[in-house]
2 protein chains.
Amino acid sequence: MQRILNNPDDIVDEMLKGFLKAHSDIVEAADNPRVVKARNIPEGKVGVVTGGGSGHKPAFIGYVGRNLCDAAAVGEICSSPTAAAFLDACREADQGQGVACLYGNYSGDNMNVKMAVKMAKKAGITVKTVVANDDVASAPKDQREKRRGVAGEVLMWKVGGAKAAKGGSLDEVIAAAQKAIDNTRSVGIGLTPCTLPAVGHPNFEIKDGTMEVGIGHHGEPGIEVCPLAPAAQMAKRMTDVVLPDYPFAEGDEVAVLVSGLGATPVMELYVLYDEIDRILSGKGIKTYKAYVGNYFTSLEMMGATLTVMKLDDELKELIDMPAESMGLKQF
Amino acid sequence: MQRILNNPDDIVDEMLKGFLKAHSDIVEAADNPRVVKARNIPEGKVGVVTGGGSGHKPAFIGYVGRNLCDAAAVGEICSSPTAAAFLDACREADQGQGVACLYGNYSGDNMNVKMAVKMAKKAGITVKTVVANDDVASAPKDQREKRRGVAGEVLMWKVGGAKAAKGGSLDEVIAAAQKAIDNTRSVGIGLTPCTLPAVGHPNFEIKDGTMEVGIGHHGEPGIEVCPLAPAAQMAKRMTDVVLPDYPFAEGDEVAVLVSGLGATPVMELYVLYDEIDRILSGKGIKTYKAYVGNYFTSLEMMGATLTVMKLDDELKELIDMPAESMGLKQF
């Protein structure tokens, strides 16, 4: 395993130390060492919180910052933060106006967020939640509640964070974030597996010469293993999954996010984006805003995810708002 | 080869198409298809140009933007742009005040920039150059002119671009960029090789269980192949190469840039940065500004580079200036 680490058991703590030092203009430590909070949170706003397992950087702590999330709970690699960490993230973010907890649909996160919401209530903090479920390949359309959250979470945080920064009430922030994720569909294609540092070898397999359509961020099985295809066919396969599901249609304006899974050269993400854009244009779907880069990764996995969000006037305004975090800086 | 591409011979053209579409708020196409220029270049400023082979994204086109480079010449993967591309980049950037061409010390780039400077002179454009040579491991200290440029180029562009944006004359821009690179030292550690898409297999080797200290961005041999070490020892090895060379000393204020080489998980860069920061602090060297991320890569190579720049008041002011490009956004 050719990796940069000390004792694999310490990787999250050590990463956090480096992260807090490198970005001390944007984030700071909280009392709970597994919580990262934004610096200089404007007074009186609704709090926005997220959290999740480590190894998906910039997610999750990379989206703590100005006009984004106010705090994030940090889990071990690929495992949920504790309920206590979610609770403490809510405490850090609460200013008496309530907290919107915007997170992804994974069993551990669901369980711990639910417990944190109850504990917060006892402590007098109102926490409402939006659960991201943008990964089309993870369950049929009539079981959207079973779908996982993937890179669409980035757009949910962007929208929810902007709504809170604009002075939205808790219900307005929740409604905007819910609309963001309801309007969003994603799919991933995996080309190589990833290796958890404490394990030392991949815990799932993608054979050379094949690719897995619909693979999850932790190697959850996709919907099809097929021969590795050129970028044009990957783009077609991805849009064939994503576009009919919402469905996106001629005349729609969308935000498009193409994220690498960690190890794919960024230049190749642009090759893929070029193909995706050609398909969208051909269908009369207009890209209002594009994000291409490593926005939601799985350690050193190769591959990419495509996320498309249908925009309306409110979502455009929220997507356009400046934001500043390690993972997303937008003027 | 598990990668996202169509015909490998088209990868640069296709990447450029995707890049220009995704970042149309920051960059635009030039007449020469192998030149990318910034949108809305402020009138009357000195032009700032760079260029280099592809596969190092964000370098080079990812540093074209506001208060950074005005144009970049684009080469094939790991090969220099043509003299014509450098010339046309200078044409795009020139506003009668001259052009600073800030590039890295590679034979192809040197040859083509020299030709471009001559052709520009004939066309009435004054081009002056700064050649980055921050890679300590690539030649002894008394032969600095032989050293390659690596991630220190990012800080050179930051400084030169800011100086030009502040209204500096051509000589002032050149002097600032030259000071930036003279004050900068870098070293890389490679953990895996990378594969050029048109070749299909790695063109150099790093054995599992080993690491190569001082490796170049194209797999140029380093100064030592040794057993893969924990992050703490990697950090010590890197600082042992970089710090004595300038030399950086107690009381210095520095900018630190830790860049992944492409495939290393970003969380591991923070583990490395934490160790580096501890060493710098222990020596009484103060980190004024830190950059951690994928700033200058080599396709899907694993490993990282460390870059340290000694700051003075002028360099601090230029480093602090806001900037906006695909690869570097700073408020």
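This is a predicted model: local features need pLDDT of at least 70, side-chain atom pairs count only at pLDDT 80 or more; totals for chains, interfaces and linings use all residues.

**Where the two chains meet**

I started with the contact, which takes 63 residues from chain B and 63 residues from chain A.

Do the copies use the same surface or different ones? I found that 100% of the interface residues of chain B are also interface residues in chain A, so the copies meet through the same surface.

**Polar pairs and the elements behind them**

I then went through the polar side of the interface. There are 24 residue pairs in polar contact across it, counting pairs with both residues at pLDDT 80 or more. Which elements of chain B give two or more residues to the side that touches chain A? My list has the helices H1 (11-22), H6 (231-242) and H7 (266-282), along with the strands S7 (184-192), S11 (286-293), S12 (302-310), S13 (323-324) and S14 (329-330). H7(B) gives the most, with 11 residues. Sorted by class, that side of chain B has 32 nonpolar, 13 polar and 18 charged residues.

**Salt bridges**

I counted 6 salt bridges between chain B and chain A.

Over all chains the count comes to 58 salt bridges. Inside chain A, I noted Arg185(A) and Asp245(A), whose side chains meet in a salt bridge at 2.7 Å, N to O. This pair links distant parts of the chain, 60 residues apart: Arg185(A) sits in strand S7, while Asp245(A) is in the loop between helix H6 and strand S10 (253-260).

**Symmetry**

How are the two copies related? A rotation of 180° with 0.0 Å of shift along its axis puts chain B on chain A, with an RMSD of 0.0 Å. That is the relation of a two-fold axis. I also checked which residue of chain B comes closest to the axis: it is Ala263(B), with its C-alpha at 1.9 Å.

**The record**

Last, I looked at UniProt, where an unreviewed entry lists "domain: DhaK" for residues 7-328 of chain A. Over that stretch the chain is 32% helix and 24% strand, and the end C-alpha atoms lie 30 Å apart.

Key: Residues are numbered from 1 along each chain as its sequence is written. Chains are lettered from A and ligands numbered from 1 in the order in which they are written. Side-chain values use heavy atoms; hydrogens and water are left out. UniProt positions are given in the numbering used here, feature names are shortened, and annotations may be inferred rather than shown by experiment. Helices (H or I, at least four residues) and strands (E, at least two) are DSSP runs, numbered from the N terminus. Copies are superposed by least squares on the C-alpha atoms of residues with pLDDT of at least 70 in both. Contact means heavy atoms within 4.5 Å. A salt bridge is a side-chain nitrogen of Lys or Arg within 4 Å of a carboxyl oxygen of Asp or Glu. A polar contact is a pair of N or O atoms within 3.5 Å; within protein, one must be able to donate a hydrogen and the other to accept it, and residues adjacent in sequence count only if both atoms are side-chain atoms. Ala, Val, Leu, Ile, Met, Phe, Trp, Tyr, Cys and Pro count as nonpolar, Asp, Glu, Lys and Arg as charged, and the others, Gly among them, as polar.
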